[in-house]
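Dear colleague,

I am passing on the structure that I promised you, and I would be grateful if you could read it alongside the notes that follow.

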Amino acid sequence: MRVTQGCFSFLPDLTDEQISRQVQYCLDKGWAVNIEFTDDPHPRNIYWEMWGLPMFDLKDAAGVMMELADCRRTYGDRYIRMSGFDSSHGWESVRISFIVNRPKDEPGFRLERQEVVGRNVRYTTKAYGVDNPEGQRYG
Amino acid sequence: MRLVAWKPGPLCAVGTTGTHFPQGSEATVSEQSNAMSIAPQDPLPAAVSLREELDAVGISDVLAQLDRELIGLKPVKTRIREISSLLLIERVRRKLNLSTSSPTLHMSFTGNPGTGKTTVALRMADILHRLGFVRRSHLISVTRDDLVGQYIGHTAPKTKEILKKAMGGVLFIDEAYYLHRPDNERDYGQEAIEILLQVMENQRADLVVILAGYGERMDKFFASNPGFRSRIAHHIDFPEYADDELLSIAEMMLGEQNYRFSPDAREAFVRYIALRKTQPLFSNARSIRNALDRIRLRQANRLVSDIDRLLTADQIMSIEPPDVLASRVFSDSVDQSRVERGSERDA
């Protein structure tokens, strides 16, 4: 099951050139671009690991693409996303976030039903991937 | 089949009898197929006007400005002209769909102090940008401190940070020979050099690196890092300035600040240059700039000493012989090394 999170996630995967254009858009807006990765794709997992520091003061997307290539070399079997952080007053938040890398095989999520008092049911989604310990989940 | 290919134009009534359109429709089909075979790419121009290209790029303005604002430096200007011609031709070749490989543009500027290496590097970023060989016109100027870290594992992120910032533009490494410390094997400079070399090789299209430094020490630096030498296509040597060139530089600097020499002061300054050149630690245009700064101080002092006088703009602008002649360069009685140390400290 394809994980859909952030912008463009219902489109086919972005090519490197498309990613680079998006990054350039962020840089032109003055946003700091971050690269983050994880192997726990649960939508509530908002704290992904950061690859290096946020990239402030960059002018050209080539620098970000260099870091992305490095990140893919190390964590090519995980989810990698990019986000653009707008530090300007009043925003001070992430303005864009999109997935740029995903595992070859995405097993998807299982729906768990827990029966509780009074015939109520609690639902939980769990990624099949996280059954294995971190680092051994994909590929 | 024919009817599919035929498109009813606005002039063709739909009810027209069938006998007419076979011819017309065939013509349309052949036209369309012709158009199809050409349409995917624009027809190549048979010839390209170099002048039009030149005007489109606006490179002649930059070169003219370079000629105007940089005095002397013949070999440098020649080389820049050559590089820009090459880039122009590459541009035209791309237009004509001839094979091109992005040329290596990394450069090394060597020369004595004050010969204009940094000034030219700043121009270079603009020239390369106008020719479309770097995407942005920014120049990041760094020295050893910005690239080399202080402890193990600090250097690589630091160097990469700078490289990322410079991407798409020009990275200018001043006094690049400091990166390599031959006396210390464990110096982190070597790590920075390795990262630099890797990026210079792999991302030639994204980044132009310009190294600058004093001639002799750069030669030693290249001798101990042969990889660097071979990755740099353009080694440009900046010559010393002649006396008259230094004078024009001085007059230009004064002009920018709205000062000028009186004829006598000019003559005195010519003598100043000749004398200063014979003394140690002469650093070309930089020495001239420092001398001018001190001359301005003396001029201001001279004007202020007569406080009740009414001054015209002309008097405020003009530099008189006493301002120049008061320089310690003219007084032989003073120990020369003291003069030097003193005057360089003033700067």
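Two strands are taken to pair if DSSP finds at least two bridges between them, and helices (H or I, at least four residues) and strands (E, at least two) are DSSP runs, numbered from the N terminus. This is a predicted model, in which local features need pLDDT of at least 70 and side-chain atom pairs count only at pLDDT 80 or more, while totals for chains, interfaces and linings use all residues. Residues are numbered from 1 along each chain as its sequence is written, and chains are lettered from A and ligands numbered from 1 in the order in which they are written.

Chain A

In chain A, strand 1 (residues 32-38) and strand 2 run antiparallel and are joined by 2 bridges, and A:Glu36 has A:Met50 of strand 2 as its bridge partner. The open sheet of chain A has 4 strands in the order 2-1-3-4, with antiparallel pairing. Strand 2 (49-50) and strand 4 (93-101) of chain A each have a single partner strand and stand at the edges, so one side of each has no neighbour in the sheet.

Helix 2 (residues 61-75) of chain A lies across strand 1, strand 3 (79-86) and strand 4 of chain A, and runs at about 5 degrees to strand 1; here axes are lines fitted to C-alpha atoms, for helices over the stretch in contact, and angles run from 0 to 180 degrees between N-to-C directions.

In helix 1 of chain A, the buried residues (20 or more other C-beta atoms within 10 Å of their own, the C-beta atoms being placed from the backbone) include A:Ile19, A:Val23 and A:Leu27. The buried residues of this helix pack against strand 1, helix 2, strand 3 and strand 4 of chain A, and helix 1 is followed by A:Gly30, whose phi is positive, near 85 degrees.

Chain B

Chain B has 17 helices and 7 strands, and 29% of its 347 residues count as buried. An open sheet of 5 strands in chain B has the order 2-3-4-1-5 and parallel pairing, and its twist averages 20 degrees from one strand to the next. Strand 2 of chain B and strand 3 (residues 170-173) of chain B pair in the parallel sense over 4 bridges, with B:Ile173 in strand 3 as the bridge partner of B:Val142. Helix 10 (residues 215-224) of chain B lies across strand 1 (107-111), strand 4 (208-213) and strand 5 of chain B, at about 140 degrees to strand 1.

The axes of helix 4 (residues 59-69) and helix 5 (residues 74-95) of chain B come within 11 Å and cross at roughly 175 degrees, which makes helix 4 of chain B roughly antiparallel to helix 5 of chain B, a term used for angles over 145 degrees. Among the residues that meet there are B:Leu63 and B:Leu66 in helix 4 and B:Ile80 and B:Leu88 in helix 5.

Helix 6 (residues 117-130) of chain B has B:Val120, B:Met124 and B:Leu128 among its buried residues, and the helix is followed by B:Gly132, whose phi is positive, near 80 degrees.

Between the chains

The two chains meet through 11 residues of chain B in contact with 9 residues of chain A, where contact requires C-beta atoms, placed from the backbone, to lie within 7 Å.

With kind regards

How values were computed. A residue is buried if 20 or more other C-beta atoms lie within 10 Å of its own, exposed if 12 or fewer, and partly exposed in between; C-beta atoms are placed from the backbone. Angles under 35 degrees count as roughly parallel, over 145 as roughly antiparallel, 65 to 115 as roughly perpendicular and the rest as oblique.
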